[in-house]
Amino acid sequence: MGQAHSESLKPTPTPGTAPRRTARSLRQASEPRMSLNLAPMIDVTFLLLIFFLLTTTFQRAEGVLGANLPQDRGRPAVALPISPIVIRVESTGPAPSDFALAIDDFAARPASFSELSGFLVDIRQNEGFDEDTPVVIVAGVDTPWEFVVECWNAAVRAGCRRIAFGGEGR
Amino acid sequence: MVVSRVTSWKRRPVGFNMTPMIDVVFLLIIFFMVVSKFASAEHVPMELPQPEHSQARQVKLRDRVIINCQAAETPAGPQVLYRVGPNPPETLEQISSRLARAQAAARAEGRELIVVLRADRRLPFAEVRAALEVVRENEIQQLRLVALVGEGE
């Protein structure tokens, strides 16, 4: 009964014409739809991504090894009454492994910088040597800087606290 | 009946779901922004020493002057370029006067100047030693040698 009544209230479409639009549908059609334009954001985001992809180079971090220089000109970097451990490093060829290490007053000739570090630790166990015993690095004029830093690093690794550059090498 | 189904399929708007792509792009951008450390102009690109079991530590130093000793390949052969921070290459005499001014300014404020020496690992010791002599002549005691930090640091 009720259903028949409601259907009777619906407007009867005229054959051959478009259905009539209600007031609500007309209002919805006239109002602009709310939407978020993502295009500029995606543009900027892609630009940022491309910038980072192009400019980023992965690199190992660099750090510093402590070093002190003598206070007065012409004086040695370490107090000489204590006999220092003198490490001599020379380049013997163009290859990265072409170097010769020697320690004054010791017969040992370390074959690598790790061995040098271990040797310095052993020396410190002897009487009269400790971590404050000066370590002097004497390098030849043609010795690559890399080997000098390797020696310095080995001494720091061995726990030596007073490291200095010595006089002229060969 | 078949015709009407085909036409309705054709009229359906073609959608392109951008959400996963934007998610991935944002993740990439956040990753790069977090891991990026912009290189300082003071750190001139060069091959730094890379000691085994490196004891080099990353520290922030105040009142420091960076001396770069760069190995440059020129038409005349390999050459050493000395420069203080990002400045153009200078002679050791010019660097010495620059260090003297910096040392005087630091001492006027009661502080000690620190020299950070960055030298190319391939340079002969004699070339680096020349820079060390300049530092010593200016009675600067605080010196730091730059090397690459070890793996896992």
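Visitor: How many helices and strands does chain B have?
Guide: This is a predicted model. Read along the sequence, chain B follows the pattern α-α-β-β-α-β-α-β. The count for chain B is four helices and four strands.

Visitor: What share of the residues in chain B is buried?
Guide: A residue is buried if 20 or more other C-beta atoms lie within 10 Å of its own. Chain B has 153 residues. The buried share of them is 25%.

Visitor: Among contacts in chain B between residues at least 6 apart in sequence, what share joins residues at least 24 apart?
Guide: Contact here rests on C-beta atoms within 7 Å. Take the contacts in chain B between residues at least 6 apart in sequence. The share joining residues at least 24 apart is 75%.

Visitor: How many residues of chain B are in contact with chain A, and how many of those are nonpolar?
Guide: On chain A, 39 residues take part, and they meet 43 residues of chain B. Helix H2 (19-35), strand E3 (114-119), helix H4 (125-137) and strand E4 (142-148) of chain B each supply at least two residues of that side. Seven residues of the side of chain B that touches chain A are polar and eight are charged. The total is 43, and the nonpolar number is 28.

Visitor: Which residue with a positive phi follows H3(B)?
Guide: Helix H3 of chain B covers residues 92-108. From its first C-alpha to its last, this helix reaches 24 Å, close to the 24 Å expected for its 17 residues. After H3(B) comes a residue with phi near 75°, B:Gly110.

Visitor: Which residue of E4(A) is the bridge partner of A:Arg88?
Guide: Strand E2 of chain A, residues 85-91, is mostly covered, with five of its seven residues buried. Five bridges join E2(A) to strand E4 (residues 135-139) of chain A, and the two run parallel. In E4(A), A:Arg88 has as its partner A:Val138.

Visitor: Which residue of E3(A) is the bridge partner of A:Glu90?
Guide: E2(A) also pairs with strand E3 (residues 99-103) of chain A. That pairing is antiparallel and has five bridges. In E3(A), the partner of A:Glu90 is A:Ala100.

Terms used: Residues numbered from 1 in each chain as written. Chains lettered and ligands numbered in written order. Predicted model: local features only at pLDDT ≥ 70, side-chain atom pairs only at ≥ 80, totals over all residues. Contact = placed C-beta atoms within 7 Å. Nonpolar A, V, L, I, M, F, W, Y, C, P; charged D, E, K, R; others polar. Expected span 1.5 Å × (residues − 1). Buried ≥ 20, exposed ≤ 12 C-beta atoms within 10 Å, placed from the backbone. Pairing = 2+ DSSP bridges.
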